[in-house]
Amino acid sequence: MNIIETKQLSRRYGRTEALNGLDLAVPEGSMFGLLGPNGAGKTTTIKLLMNLLAPTSGTARVLGVDSRKLGPAEMAAIGYVSENQQLPVWMTVEGFIGYCRPLYPTWDLALEGTLLDQFELPLDRKLKHLSRGMLMKAALLVSMAYRPRLLVLDEPFSGLDPLTRDEFVRGLLEVSTVGEWTILVSSHDIEEIERLCDWIGVIDSGRLQSAEATDSLLERHRRVEVAGLPPSGGTRVMPGSWIDREESAGLVRFVDSGYAGEDAERLYRETFPGGAVSVRPMALREIFIAQARAQRAIRKGAAA
Amino acid sequence: MSAFLHHFRKDCRRMSLPFALLLLCLALLLARDFVALDHTTGNLGPLIEIAKLSTSIIYQIVTLILAVGVILEDPPKGTTAFWLTRPHSRRVIAMEKLCFLAVVILIPVLVNLVVIACCGAGPRILAVAAASGIVDRTPVVLALAAIAITAETFGQFAITGILILIGTGIATGITVALIKMHSLHTAGVTVGTSSAHLESSRILVVQVAVAVLSGLIVVWRYLCRHGRLSVAVVSAAAFASMLTAVYWPWDFLSRAADPIPQVNDVAGRFSYHPRLRPSAGGTDLLEGNMPSISLPSGEVVVPEDATNVTVTWPSGESIPEAGHFLLSPSRGDRWEIGAVIAAVAPATILNLPHAVARRGASLTIPVRGRVRDRLEGERGKLSGTVYAAIDRLEFSGGLPLSVGSRASWGIRQVRVDSIEASATGASAVVRVALSEGFYPSNLANAIDRSGRIFPTNFGSGYRFLGAADSNGVFVLVNGRRNEALLASILPGEGQRPDIDDVAGYAMTRRNLEFVGPGIDQAWLEGATLVRYRLIEVGRTTGTFEADDVGLGQPEF
């Protein structure tokens, strides 16, 4: 079952199309990472899902409810943390937690205690006097202590130093074992997403480029390098799934986005007879960059 | 309900400092008022007034912070507010914000009511004072909230507010220009058309409309989320309010059917707090032991503005080249001897030749030096149109002439501080030093309405209208002898016998001088100090012409 589903979701800001026919499905229980470069439409997507913005067209369903009709009952089952969120910084951490606690009937005092210990938040300090990392942790605490079915994190790592980022991710991973969460996290921090998420959606220019399980994504992407090629008489015909291609004298490099084991390697050898083929797995960062480059090339081609 | 209280408590905690400041300001203002009621401030007067003025300014700022701050704490605008992604009912939030604003409105009103009640005001006055306070304060607070609803931060609020002010100013300018161009003023004298009532009706309509519209905008913006529409509605509402203020046609405050109050009717309404009862031996006004003075008096025409002013010289040259100024008589001078004579009839005024009052307006046409040099000695023709208010004297109260005696009418309290009577030959000079105090708050407005007297300053925003209202004239009347003395102006007070001694606020001290023949101690013992005030009863437009005018001496 999908906890989030969008159909042809679009949003315009004046003449700018921030989101263009997004079809997204987030399976329940997954940790879904929404990856994309700056301006790709990640934050707009999340704002539409959280009913902070109205879609220009299309629909979004969150927890089975149209996002425009999300009410207090649904919000009580959603946690939301964003780098842009305006927290009541005049409150102390304790006051902030005390303010949020009565809002949620499912608030778990034990989990609150666990999170407090884990995040090491100073209870008597005002939010405005907390560091950015601490502030995000406080926001995360009040978004998790009631065990929401869906936790939405919008650029939670932005502006955090590596140590704090690591602590933050580790904290998320630890608490994710406590209950049945679905976590949607948008970021352009690929390493953190790779550590955290078991599903990855890549969004660019307001469109969803891909969305699948992280393992599957890693499995179907390979960096292929063919060396020692004799000069060819003409242009080689290559499948469309071979992206981010680079060719130089005697050397061809590309990313196979549809790697299928030995069948694929046989195809490489057939396409590049006489060349020495090396195939290696890719990190998520490499995949993301390769896909972004491919998209850019397609856009340039279309524009030309 | 618990969610409502939860938010209300949160907002109260957030606004605790401004709330404390608000209460402190109220306490300081009231303390100053009570001091003014019972003591002459002496040399400290200016300092106290400065402190009071500062407190008043802080009070207004704190009100603004409260009204705006509570909205900006959980702004419906934007996508970053914390509450937007929490399980809040929009309806509960909207109601909670409105209730908070109601508290901001009601606290000062309640404090004033308590004070007024302590001063002996009855339930009717309390009710009207409460209504008056609420009507005066609600549109301001809710309008601030309605503007805040279009902003996410104080900075945005300030920019929006400034833009609305500028827009309203431009629209007002255009409206005024249109009115002048099309001469919407009705030509001819319109005595008795209760224009003051109409003006008050318009202001009341605007106040109610602004309050209702602002409240609806606040609720609507919290319930649904059409930001641009809100800005459009706020702007349209501001413009509509302005148009209403100018064009509202129905006078629903007029009480034409009411009988014109006679002196004894008015006297019968006097009420005293025990603290304020006149000293022993004085005439008890409650007994109605007052001279029978008929009302209404004659009308006084007071020019207020002039247009189309032109001076044409034999050479064909016209001035002004740089506008003109019509110096209207001040409120304190807006009375004429003739009106007083009519008012005190059948009593005879003994000191007519001694009474001094500046009358009429002076028209000043500034010209440049070279023009003046060229036209010096020339005689030209002056013409123009004048807009004038028509005022009438109305009896407002009286008190026995003895040191320490006090009287109150409506919110006004007058105390005779000292009497000096010196006989010089056939005439005597009686000097009376008066302290005119007031009850705190906007009760002046309330009394004006409840007392069925024309509300000349309804909704004007004067917090202490009683003292600021200096359009009274004092007459010493001996009812047994059917004789009266007009107050004249003491040297050193210029031509404004009623001018306040400190900055035009709060306590008014007046030195009245009654100079007249045949005044002795026996005459004074039977005298009552009577106060009239001017009220506007109509407006008029007329033209003026003068065939033989010349340039006066230059003024520097």
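In chain A of this predicted model, residues 24 or more positions apart account for 68% of the contacts with a separation of 6 or more. The chain has 304 residues, of which 50% count as buried. Its accessible surface comes to about 13,500 Å², and 50% of that area belongs to carbon and sulfur atoms. The secondary structure of chain A amounts to 10 helices and 14 strands.

**An open sheet**

Within chain A, 4 strands make up an open sheet, arranged in the order 2-1-4-5 with antiparallel pairing. Strand 2 (16-27) and strand 5 (65-66) of chain A each have a single partner strand and stand at the edges, so one side of each is left without a neighbour in the sheet. Strands of a sheet pair through backbone hydrogen bonds, in either a parallel or an antiparallel manner. Strand 4 (residues 57-62) of chain A runs antiparallel to strand 5 of chain A, and 2 bridges join the two. Opposite A:Asp66 in strand 5 of chain A stands A:Arg61.

Among the buried residues are A:Gly133, A:Leu135, A:Met136, A:Lys137 and A:Ser143. The cover over the buried residues of helix 5 of chain A includes the helices and strands of chain A listed below.

| Covering element of chain A | Residues |
|---|---|
| Strand 6 | 78-82 |
| Helix 3 | 93-100 |
| Helix 4 | 109-119 |
| Strand 7 | 150-154 |
| Helix 6 | 162-176 |

**The setting of A:Thr214**

A:Thr214 belongs to helix 8 of chain A, which comprises residues 214-219. The relative accessibility of A:Thr214 is 5%, and because buried means under 20%, A:Thr214 counts as buried. Its side chain reaches the backbone oxygen of A:Cys197 at 2.9 Å. When neighbours within four places in sequence are left aside, A:Thr214 is in contact with A:Cys197, A:Asp198, A:Trp199 and A:Ile200.

How values were computed:
Residues are numbered from 1 along each chain as its sequence is written. Chains are lettered from A and ligands numbered from 1 in the order in which they are written. This is a predicted model: local features need pLDDT of at least 70, side-chain atom pairs count only at pLDDT 80 or more; totals for chains, interfaces and linings use all residues. Side-chain values use heavy atoms; hydrogens and water are left out. Two strands pair if DSSP finds at least two bridges between them. Buried means under 20% relative accessible area, exposed over 50%, partly exposed in between (1.4 Å probe, protein chains only). Contact means heavy atoms within 4.5 Å. Accessible areas come from the Shrake-Rupley method with a 1.4 Å probe; for residues, only the protein chains shown count as cover. A polar contact is a pair of N or O atoms within 3.5 Å; within protein, one must be able to donate a hydrogen and the other to accept it, and residues adjacent in sequence count only if both atoms are side-chain atoms.
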